[in-house]
Amino acid sequence: MARKPNSNQVYKEVTGELNSGNLKPIYYLFGEEEFYLDQLLEKFSNIVSPDQKDFNFDLLYGQEVTPAQALSIARSFPMMAAKRVLIIRNFLQLNKGGSEDGSPSGHINDFISYIENPNPFTLLVMFDTKKPAGNTNIGKAIKKSKAVGYHEFERMADYLIPDWVIDWVRSHHSKNIEPAAAQLLAQFVGNNLQLLSTEIDKVCTFVDTSDTVSEADVKKIIGSYREFTAIELKEAIVKRDMEQSLYISEQMLQHTKSDTGELIRLVGFFNSVFVNIWQILRLSEKGLAKTQIQSELGVGSSWYFNKLWDDASNFRYNDMPRIFEALLDADRSIKGFSTLDSTSILFFLVKRIIG
C-alpha cells in the first residue's frame, strides 16, 4: 500500500501544476494545515494579472453568497483575457448565504452539474477546512470527478519538521541549514509552519552574507540565551545520566519566565521524541531493516533519522508503556490534577523516563 503523501509533497504537486500551466478546471483544497492553503490562495490569486483583476478575478466567502450567485460567476466568460479565476473560501458554507432580494439562492448540490461540465474559461478553486461528507451528492461528485484537483493538507507530523525546515530554507532563501540547526528550530517553534517560516525569515536575514545557517545562528536569533535546551536534556536522559538530567531540568526552570509554559513545551517535546522512538522500536519488532524503517516513517534526512535511531537504541519496546504513562501523569499534573510544584513534576518525569 502506497504511503499517503504529506502536505509538503501535496503542496509541491499543486504548485508544479501551477508553474507548468497544466491546471485542472476545478480544485478542492482542504485540511487543517492553513499555512499551505494560504500559500496556494495567494498563488491562485496571482494567476490573473493586476490590470485584469477587476473583471476576471473574484474571491467569495461561502457564508456570504448563495450557490446561485457563485455559479453565475463561474459560468460567465472572461473579459479581454484568456481565463477567469473564481476562488470560494469556506465552500461548504455556501448554503448559509441568503438572498436578500428574494431571488433564487439555489443549493450547494447545484454545483454537481457544473463539476460534470465546467466552464473551460474559468478556473474554480474551492477552499475549506473540511472535506465534503462522503455520503452527500456534492461530496461524491467532487471526490470522483477527474476535472477536480482534490487535495488534503493535514498537519505536518513533528518528526517531519526538521526536513521541512531544511527544504524551506533551501527553496525560499537559497541557503543551507545545518541539520542540528533545523532540529533546534523545530524544537523551539513546533509544527506551526507559519511561525516557522517567520522565524526562518529572521534567521536567514541575520545570516544574509552566509550560505549556511548554523546551530549558533538559530540560538542567537530565536532568543535562546539559556544555558540548556530541551535537546540537551533529551541527550542526558537518553544516556541515563540522572545527575546531569536533573541539573539541566533545574537550570531550564530557573531561566524561564513561566514554569508552566516551559513544562508544557517539554512534555510536548518528549511526547514527540518518544512517539518517534516507539515507531522505530515497533517496526524493528516486526523485523524491518533500518532503511525500511526510515522509508516507512518518511524521514528524508539521514542525519536526523540516525539521531532518532541512536535514541531508540537506548530503549526497549517494553519501556514505552511506562514512559507514555509518565508523560500522561506529568500532563495531568500541569493541568492541576496534582499538588506538586513545577520542579517536582519535571524531576519525577525525568526519573520515570530514565527508569
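**Burial and helix packing, term by term**

Me: Leaving aside neighbours within four places in sequence, which residues is Phe228 in contact with?
Reply: Phe228 is in contact with Gln244, Tyr247, Ile248, Gln251 and Met252, where contact means heavy atoms within 4.5 Å. Please keep in mind that this is a predicted model, in which local features need pLDDT of at least 70 and side-chain atom pairs count only at pLDDT 80 or more, while totals for chains, interfaces and linings use all residues. Residues are numbered from 1 along each chain as its sequence is written, and side-chain values use heavy atoms, with hydrogens and water left out.

Me: What makes Phe228 a buried residue?
Reply: Its relative accessible area is 11%. Buried means under 20%, exposed over 50% and partly exposed in between (1.4 Å probe, protein chains only), so Phe228 counts as buried. Phe228 sits in the loop between helix H10 (215–222) and H11. Its C-alpha is separated by 6.4 Å from that of Met252, 24 residues apart along the chain.

Me: Why is Ser45 called buried?
Reply: Ser45 has a relative accessible area of 11%, so the buried class applies. Beyond four places in sequence, Ser45 is in contact with Lys53, Phe57 and Ile87.

Me: How do you know whether Pro179 is buried, partly exposed or exposed?
Reply: Pro179 has 28% relative accessibility, and therefore counts as partly exposed. Pro179 is in helix H8 (residues 179–189). Not counting residues up to four places away in sequence, Pro179 touches Ile166 and Trp303.

Me: Why are H11 and H12 called roughly antiparallel?
Reply: These helices pack at an angle of about 160 degrees, with their axes 8 Å apart. Angles over 145 degrees count as roughly antiparallel, under 35 as roughly parallel, 65 to 115 as roughly perpendicular and the rest as oblique, so H11 and H12 are roughly antiparallel to each other. In H11, Ala230, Glu232, Leu233, Ala236 and Ile237 meet Gln244, Ser245, Ile248, Ser249 and Met252 in H12. That contact has 6 nonpolar, 3 polar and 1 charged residues; Ala, Val, Leu, Ile, Met, Phe, Trp, Tyr, Cys and Pro count as nonpolar, Asp, Glu, Lys and Arg as charged, and the others, Gly among them, as polar.

Me: What covers the buried residues of H12?
Reply: The cover includes helix H11 (230–238), H13 and helix H17 (342–354). The buried residues of H12 are Ser245, Leu246, Ile248, Ser249, Gln251, Met252 and Leu253.

Me: What makes H13 roughly antiparallel to H16?
Reply: Helix H13 (residues 259–285) and helix H16 (residues 320–334) pack at about 160 degrees, with axes 10 Å apart, and that angle makes H13 roughly antiparallel to H16. On the H13 side, the contact includes Leu263, Val267, Phe270 and Trp278, and on the H16 side Met320, Phe324 and Leu327 are among its residues. The residues of this contact divide into 15 nonpolar, 2 polar and 1 charged.

Me: How many helices and strands does the whole protein have?
Reply: There are 17 helices and 7 strands. Of the 355 residues, 46% count as buried, and the C-alpha trace spans about 75 × 50 × 45 Å along its principal axes.

How values were computed
Axes are lines fitted to C-alpha atoms, for helices over the stretch in contact, and angles run from 0 to 180 degrees between N-to-C directions. Helices (H or I, at least four residues) and strands (E, at least two) are DSSP runs, numbered from the N terminus.
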